[in-house]
Amino acid sequence: MTCVLAIDIGGTKLAAALVDEAGSVLCSATRPTPRTDVMSALAALIEEVTANGPPALAVGIGCAGPVDLATGTVSPVNMPSWRGFPLREEVQKLTGLPTVLAGDAQCFALGEHWLGAGRGSASLLGVVVSTGIGGGLVIDGAPLLGPTGNAGHVGHMSIDPYGERCECGGRGCVERYSSGPNMVRWALDNGWSPAAGQEAGSTRHAAELAAPDVTMLSTGEQPDGRALARDAAAGDPVAVAAFERGARALAGMIASVAAAAEVTTVVVGGGVSAAGEVLFEPLERALDDVAGLPFVRAVQVRQSTLGVRASLAGAAKLAYDSGGSQAR
């Protein structure tokens with residue numbers, strides 16, 4: 001049986017799977033990402049997944065960025081022990097297989113294009129809206145990675161040149177308005193208190209808001225994205241306004257990408273997307289308002305259907321399509 005080894009590396013968890021040519025997972029495993037000695041944990045995970053499965057032909061890795069494809073190194077913002085870490089080389093030495101690397105959001109987009117909500121799309125933008133905002137582009141069926149591997153960094157597109165200063169140093173970035181923590185920050189600054197909505201919004205959308213992959217939707221009654229989404233669903237005016245503000249920034253970014261690259265489909269995943277209509281209804285209204293040209297207005301926005309599996313699926317597709325051509 002033909003299969004590849006797919007790896008997804010993030011600040012909270014490591015995941016690996018053997019994936020066949022149809023996208024079926026033959027075996028998989030996950031474990032928490034340690035603060036230090038991440039490579040030892042990854043090596044143990046790879047051994048666990050590959051021990052009893054068919055031999056893999058290649059390895060595809062989706063990793064939190066920034067990445068540098070020229071050198072095969074990664075410097076994930078939320079993994080301080082990896083700065084300029086030669087991930088591609090280390091995994092290739094460990095497995096003895098051709099190894100390819102891309103950003104995790106790019107793999108999300110490729111996975112959704114292959115097996116998920118973007119299946120069959122001529123051109124696709126994948127957007128991961130969670131603690132931060134990541135993105136990836138698939139054009140004519142192929143991922144657009146860019147010279148260093150950081151193409152599709154839509155979270156740091158400026159939608160307001162006079163807007164708020166972003167953590168990245170830029171101004172008016174989408175992430176400053178639409179990420180989970182930044183929507184919560186704005187709501188708190190404008191008088192929202194999660195305690196005020198606990199009784200009114202007790203369980204509505206509970207299934208959607210309890211997604212286990214969500215780093216910004218934490219448990220407990222804290223002033224976090226889960227509480228904000230719950231209160232918005234219950235009609236709290238500040239919580240509703242926070243989602244409308246975030247959705248409008250996303251709409252501006254989507255319209256800009258559609259105008260520049262003529263994407264036909266946008267797939268939105270990540271923790272904030274678990275809010276469902278609380279996010280997607282104002283996003284649809286805002287996009288209808290800001291989009292002008294017919295081909296921009298025609299873009300279809302869909303919620304992810306693969307969820308946490310999307311990046312692994314994309315890493316597998318990357319390995320199949322490239323055959324390890326990045327490997328040195």
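Q: In which loop is Cys168 found?
A: In this predicted model, Cys168 belongs to the loop that runs between β10 and α4 (174-178).

Q: Is Cys168 buried, exposed or partly exposed, and why?
A: Cys168 is partly exposed, because its relative accessible area is 45%.

Q: Which residues is Cys168 in contact with, leaving aside neighbours within four places in sequence?
A: With those neighbours set aside, Cys168 is in contact with His156 and Cys173.

Q: How far apart are Cys168 and His156, in sequence and in space?
A: They are separated by 12 residues in sequence, and their C-alpha atoms are 7.8 Å apart.

Q: Turning to the sheet with β10: what is the strand order?
A: The order is β10-β9-β8-β11-β12, in an open sheet of five strands with mixed pairing. The edge strands are β10 (142-144) and β12 (300-303), each of which pairs on one side only. From one strand to the next, the twist averages 25°.

Q: How do β9 and β10 run, and how many bridges join them?
A: Strand β9 (residues 133-139) and β10 run antiparallel and are joined by three bridges. Within this part of the sheet, Leu144 in β10 has Leu137 standing opposite.

Q: Which strands does helix α3 lie across?
A: Helix α3 (residues 104-115) lies across β8 (123-129), β9, β10 and β11 (265-269). Its direction is at about 50° to β9.

Q: And helix α9, what does that one lie across?
A: Helix α9 (residues 277-290) lies across β11 and β12, and runs at about 170° to β12.

Q: Changing topic, how many salt bridges does the structure hold?
A: There are 13 salt bridges in the structure. One of them links Asp321 with Lys317, where the closest N and O atoms are 2.7 Å apart.

Q: Where do Asp321 and Lys317 lie?
A: Both are in helix α11 (residues 310-322), four residues apart, which is about one turn of the helix. Asp321 is partly exposed, because its relative accessible area is 47%. Lys317, in turn, has a relative accessible area of 18%, so this residue is buried.

Q: Which residues do salt bridges with shared partners join into one network?
A: The network consists of Glu164, Glu167, Arg176, Arg185 and Arg245. Arg176 and Glu167 form a salt bridge in which the closest N and O atoms are 3.1 Å apart.

Q: Of that pair, is Arg176 buried or exposed?
A: Arg176 is buried, since its relative accessible area is 16%.

Q: What about Lys13, which residue does its side chain meet in a salt bridge?
A: The side chain of Lys13 meets that of Asp8, at 3.8 Å from N to O. Lys13 counts as partly exposed at 29% relative accessibility, whereas Asp8 counts as buried at 10%.

Q: One more topic: what volume does the second largest pocket have?
A: The volume of the second largest pocket is about 260 Å³.

Q: Which lining residues lie nearest its centre?
A: Of the 16 residues that line the second largest pocket, Ala17, Val25, Val308, Arg309 and Leu312 lie nearest the centre.

Q: Which elements give two or more residues to that lining?
A: These are β2 (13-20), β3 (25-32) and α11. Strand β2 supplies the largest share of the lining of the second largest pocket, namely five residues.

Methods:
Residues numbered from 1 in each chain as written. Predicted model: local features only at pLDDT ≥ 70, side-chain atom pairs only at ≥ 80, totals over all residues. Heavy atoms only, no water. Pairing = 2+ DSSP bridges. Axes fitted to C-alpha atoms, helices over the stretch in contact; angles between N-to-C directions. Contact = heavy atoms within 4.5 Å. Salt bridge = Lys/Arg side-chain N within 4 Å of Asp/Glu carboxyl O. Buried < 20%, exposed > 50% of the residue type's maximum accessible area, 1.4 Å probe, protein only. 1 Å grid on protein atoms, 1.4 Å probe; cavity = no way out; pocket = protein on both sides within 12 Å on 5 of 7 lines; lining within 4 Å. Points joined across faces, edges and corners; volume = space filled by probe spheres on them.
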